[in-house]
Amino acid sequence: MEHIRSVTRPPHTEGDTGEIATSLNDTQFYHHQKRIALRNCGFINPESIDEYIGVDGYTALSRILTEQTPPQEIIDAIKASGLRGRGGAGFATGMKWQFTADAVSDDGVKYVCCNADEGDPGAFMDRSVLEGDPFSVLEAMTIAAYAVDSHQGYIYIRAEYPIAVKRLQIAITQAKEYGLLGQNILNSGFDFELELRLGAGAFVCGEETALLVSIEGKRGEPRPRPPFPAVKGLFARPTLLNNVETYANITWILNNGADEFAAIGTEKSKGTKVFALGGKIVNTGLVEIPMGTTLRTIIEDIGGGIPNGKKFKAAQTGGPSGGCIPADLIDTPIDYDSLTAIGSMMGSGGLIVMDEDNCMVDIAKFFLEFIIDESCGKCAPCRIGTKRLHELLCKITDGNGTMEDLDTIVELCYHLKSSSLCALGQSAPNPVLSTLTRFRSEYEAHVLEKRCPAGVCKNLLHYEILADKCKGCTLCARNCPADAISGTVKGLHTIDQEKCIKCGVCMDHCKFDAVVRH
Amino acid sequence: MKTLEELQAIRETMQKQLNVRESDGNNIRVVVGMATCGIAAGARPVLTAFLDEVNQHNLDHITVTQTGCIGVCRLEPIVEIFAPGEEKVTYVNMKPEMVPVIVNEHLVNHKIVTEYTIGAAE
Amino acid sequence: METKQINLKIDHIPVAVPEGTTVLEAARSAGIKIPTLCYLKDLNEIGACRICVVEVKGARSLMASCVYPVSEGMEVFTNTEAVRKSRRLTLELILSNHRMECLTCSRSGSCELQQLALEFGVDTVRYYTGRPQPQPETSTLHLVRDNSKCVLCRRCAAACRKTQEVGVIGPNDRGFQTHIGSAFDRDLNEVDCVSCGQCVVACPTGALTVKDDTQQVWAALADPTKHVVVGAAPSVRVQLGECFGMPVGTNVEGKMLTALRRLGFDKVFDVNHAADMTIMEEGTEFLHRLQEGGTLPLITSCSPGWVRYCEQHHPDMLSHVSTCKSPQQMFGSLVKSYYAEQAGIDPKDIFVVSIMPCTAKKYEVKREEQRMANGCMPVDVSLTTQELARMITAAGLMFTQLPDGEVDPMLGMASGAGVIFGATGGVMEAALRTVVEVVTNGEMKPLEFKQVRGMQGVKEASFELPGKTVRVCVASGLANAKQVLDGVKSGALQYDFIEFMGCPGGCVNGGGQPVQSAEIRSFTDVRGLRAAALYSQDQRMTYRKSHENPYVQKIYSDYLEKPGSHKAHALLHCTYAPQKKYRV
């Protein structure tokens, strides 16, 4: 049974007679969460600045501007909170603000930007924050601008998020009407103009330098660092660029105190993280949990376990840049350093759950296909290397792989990690490397036995009609799109392996379980 | 342009409005999840249905509004009801035809429609 | 303000360089050459190819040394096993997507990719190479684009966009599909390419090559019915030696003339002479405009790349462009009129070949407005320095051992003013030598105008003459030309006479020049050395002003009457017209 489990009844119990939870707050799903970044999502109307103010919105900004809080004090608070970038890199946010504040701009212009180009497949944390609580981002950016001495900001948001774009535009308009954005905010003399810039369908524009180059109107390709954006970023001026979720934490920290935030999480990973749970899990959705929560809690308690009684195989964090956490590491705490230590990474928060019916080679291939599509093409290792890696993986899933290919794959993976120009190329091999390390036997089955243990890789599948079960009803032959099945009425039917396209339609149609798949 | 005092006033008013549980009136807040997940699942007709029902029956003490992602996306469209003195109620897998039932039984007669709630969902 | 010195260690060697220096340049100063592919100093510094990677202590991954700035106490390792392996693997990847046609590729021997593969001992390419390769694009008259050999270094795009401000080619699509192309992947002759060939100069491989027209010349030479005449441009004689291993900037005029003679040309003239003619005509035109209140500033027209740029991008400035034909075209026109009459040969039987440092000349020779009254086109084929070198090699001539030869003087003897045309500022200086003398009625007889010399992109000078101050400007590279034009149009800049050359540094840096590697181009002043050789030759010559050249005076006294005469106009002048940028 796959009910949303209630805290009022014991978990993992089949057949309930107790009370059912009528409120989300009473469910296992919700019980383990601590919503900071998502504190207002699902509660207030995102298109109402009044409701945002009603939940203590703009109190931080008002206090700062009326008291003329020294910018260094704000930066110190963010540093003390231990907040790290939620976009994936996990760089200490306070330090980034410090670098940008310290940087000298030749003409005094500095920029504050927001990375809303959420591109990881399966990730929708930033989208939810922008659709549900856009003002929190606006307020945080305004405070950041005050702290680093900037007066112009840009939110770079992917065009594939039209609702988020609309809600942001509404929020900006309302904030300007109330004098909380634009010239002379709250009569303090502080100006901060904020504009939206839409992406154009490139994952690589979520990379810091590529994003800034894209705002400049050029081809969205990363550039080598140093110089770092904090020193020389947008239009060659010092620029602060933070992720949406990072900004969503700022006012909570300033209103509740850095210590409150630092009290949550682990030693090096403070606060909470939003995860987009997807894949083979009962409760797909958006969760926010304290850093350090184990994967087991996420999958079994919050997620409600694996549907259809299947066995948990692995969880992928970090999307195409991340690695797989196998079942035997299910008690790994989820924080920046623990994940890096086991060959994965936090990433932006996408968490894909896989079960025994997923083929890890196929999963690696899937992420690589995404990378190939999105590679910008500037540097040779990523542009050509990812393609060649993919070709090697296809060789393996087609049944033509050799053990030598596995060595070549490993060599190519390490080459990409060390030689690519940007993090896209440097982290592209992570899914391949982590699946190869953790599930080597699966790869070897593909190579040595020409067999896909999970039954996914089409070219390695072999459909057969069992003689003792076939009744000769001709249903399979009539439905075969490749005309690969022959047989007389009431006689044994056979599949011509040369013609078979492994679609599985015969197996779907057979009423006698006579068609089996190896 | 709002002054600090005006903002304070808005904050106080809205706090009361939003904090339905602690309030001592009979104001009920109906919140419909209208993030991409909700809209994709069909939340707009549900929102419209609520607005229509509430208007039709002149239920002035009921505020129907939209909100962002509530979190348990697979059960969208989701509607949460905030009533004074009560824990919020989460209705899931909402369809427009379920709306009159909820309005009538829950909002008017204060009887939770348990089979529509999250606990009953599969 | 003094720049801070930074101390670092490269391969354990202590190095001190100014702040802002890259690791690549710092290594050079310590005698270490880090290999590169996409790097071209001041033009393309993007860290894209990942060949120049080095290990930097404390860094997370390998760093591209061509863009990594030095910092105090940095420790760099340029030659570890990891670095060498990385370079080899990157090369293998590039080669896996490269059509390897080395045996028949015109860049074999000078290809930078080939050189790297040799240096790094890449003898196998393990990755899948069976990809369909794009076909070469040959729509223009001057170059062949072969994306199957492109390594996506972006040097061509940088040259076109930054130096020439035309920006007609660049990366299209992304990822593995990235390829260099024009807008919407149109053919190059459908967009506003100006044929300057700077992209060819920048290309490290055989992806961009000059179109080879030598077959036409061989055929003409072998044809007994054709009287084949050749003339080389000023720059060729200070470039040609490089094709035979001689140092950059060696003047090989004598050997060049011998080689041309031995190749079988019936007459070996010299375009330097025609350059003198150009000064006569253009100087007269300038004086006329100056004194009669004509359209000023007058802008030179010998650079067909600049002319095309003007016609396409600044058609409103065409009235400023001199009506003079370029020296190449004047040369051909005189051969097929004056020389033809003198020699008693039907112009239709004369095949004129020019040797140019320029790719745009291949386009210029086909321009319809160049056609003469007798129906002939002045020049039949324009070859580049590279193509001449190929002919010389194919003919078995041991170039470096050739004795010095002589030119046929009728249309071959030139003054020093004609020689310096190849350098940026050369045309201006040559013109001033004549113009100033005429304007001052012989009182001022200037010889050298150092103010307009040098490799700066934009130079200006003014000269106080009796009753008039003449203000001149010299710019090379079309981005600089645009800058000047914008100033002239807005009124911020006031000039009387402007020399524009399409190629930065002038013709010595033209699209048809001998191939030089990125390393040489980045760290040697190739243009300056070649230009210096021209100025040296000028200094040694008997006649240094165009109007003093007896072979120029003779043409006017015998044939054209005087500069600017009706006959001179018919033969040596033409008009230009606005052209569409996009011909789709």
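I started with the second largest pocket, which holds about 1600 Å³ of space. My terms: on a 1 Å grid over the protein atoms alone, a pocket is an open set of points with protein on both sides within 12 Å along at least five of seven lines, a cavity is a set where a 1.4 Å probe fits but cannot get out, and lining residues have an atom within 4 Å of a point. Points are joined across faces, edges and corners, and a volume is the space filled by probe spheres set on them.

Housekeeping: this is a predicted model, where local features need pLDDT of at least 70 and side-chain atom pairs pLDDT 80 or more, while totals for chains, interfaces and linings use all residues. Residues are numbered from 1 along each chain as its sequence is written, chains are lettered from A and ligands numbered from 1 in the order written, and side-chain values use heavy atoms, without hydrogens and water.

Back to that pocket: I find 49 lining residues, with A:Lys218, A:Arg223, A:Lys378, C:Glu45 and C:Ile46 nearest its centre. Two or more residues each come from α9 (208-215) of chain A and from α4 (155-163) and β7 (170-172) of chain C. The largest share, four residues, is from α4(C). Helices (H or I, at least four residues) and strands (E, at least two) are DSSP runs numbered from the N terminus. The lining splits into 23 nonpolar, ten polar and 16 charged residues; Ala, Val, Leu, Ile, Met, Phe, Trp, Tyr, Cys and Pro count as nonpolar, Asp, Glu, Lys and Arg as charged, and the others, Gly among them, as polar.

Next, I looked up cavities and got nine of 30 Å³ or more.

For A:Cys452 the nearest cysteine sulfur, that of A:Cys359, is 3.7 Å away.

Last, chain B has an open, mixed sheet of four strands, ordered β2-β1-β3-β4. Strands pair if DSSP finds at least two bridges between them. The edges are β2 (62-67) and β4 (89-91) of chain B.

Notes. A disulfide is a pair of cysteine sulfur atoms within 2.5 Å.
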